[in-house]
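Subject: Structure for your review

Dear colleague,

Please find the structure below, together with its sequence. A short account of the findings follows.

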Amino acid sequence: MFDKLQKDMVESLKNGNKDRLTIIRGLKAELMKEKIDKKKEINNDLIIEVASRQIKQLNESIKEFEKGNRSDLVEKALKEIEVLKEYLPEALTEEEVDKIINEAFNRLKPESMKDMGKVMSDVTPKLKGRFDMSIVSTKIRNKLA
């Protein structure tokens, strides 16, 4: 995946696509920062983690931009999200997520909200970067209630 990132960066540079190039450079810079600061190896998992984090931040920014009636910034953030999604695995459907959650419940047999962490730690590796984890958390919380 990192090779794809490098190749896309060069391609964007050649095509003169400055917006796309800026987004890809930002992702690469964040990956390098993780590598240096946290001594993590750049692999697919790290790319998914960083891209997901950036998408989450952009979604939060979009909410604020909408409150401020800044449709220009909303549009820019949505374009950034589209580029970042290219580096994430294919998104899961709601039904697929429900199935994974149900399998975890059958396997772990949680009894109360105290077991929320166990269920989350079980489903997170399967869902991270493929579905909004705040929605997953809400689904699990509702199922435990």
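In which helix is the place of Ser52? Ser52 lies in helix H3, which covers residues 44-67. Please note that this is a predicted model.

Ser52 counts as buried because its relative accessible area is 18%, where the cut-off is under 20%. Leaving aside residues up to four places away in sequence, Ser52 touches Leu88 and Gly129.

The crossing in which H3 passes H4 is left-handed. On the H3 side, the residues that meet H4 include Ala51, Ile55, Leu58 and Ile62; among their counterparts in H4 are Leu73, Ala77, Ile81 and Leu84.

Turning to helix H6 (residues 116-127), its twelve residues should span 16 Å at 1.5 Å a residue, and the end C-alpha atoms are 16 Å apart, which agrees. Buried in H6 are Met116, Val119, Met120, Asp122, Val123 and Leu127. Seen down the axis of H6, these buried residues fall within an arc of 165 degrees, so they line one face of the helix. Helix H5 (94-108) and helix H7 (133-144) are included in what covers them.

Yours sincerely

Definitions and conventions. Residues are numbered from 1 along each chain as its sequence is written. This is a predicted model: local features need pLDDT of at least 70, side-chain atom pairs count only at pLDDT 80 or more; totals for chains, interfaces and linings use all residues. Side-chain values use heavy atoms; hydrogens and water are left out. Helices (H or I, at least four residues) and strands (E, at least two) are DSSP runs, numbered from the N terminus. Buried means under 20% relative accessible area, exposed over 50%, partly exposed in between (1.4 Å probe, protein chains only). Contact means heavy atoms within 4.5 Å. The expected span of a helix is 1.5 Å times one less than its number of residues. The arc is that of the directions from the helix axis to the C-beta atoms. A crossing is left-handed if the near helix is turned anticlockwise from the far one by less than a right angle, and right-handed if clockwise.
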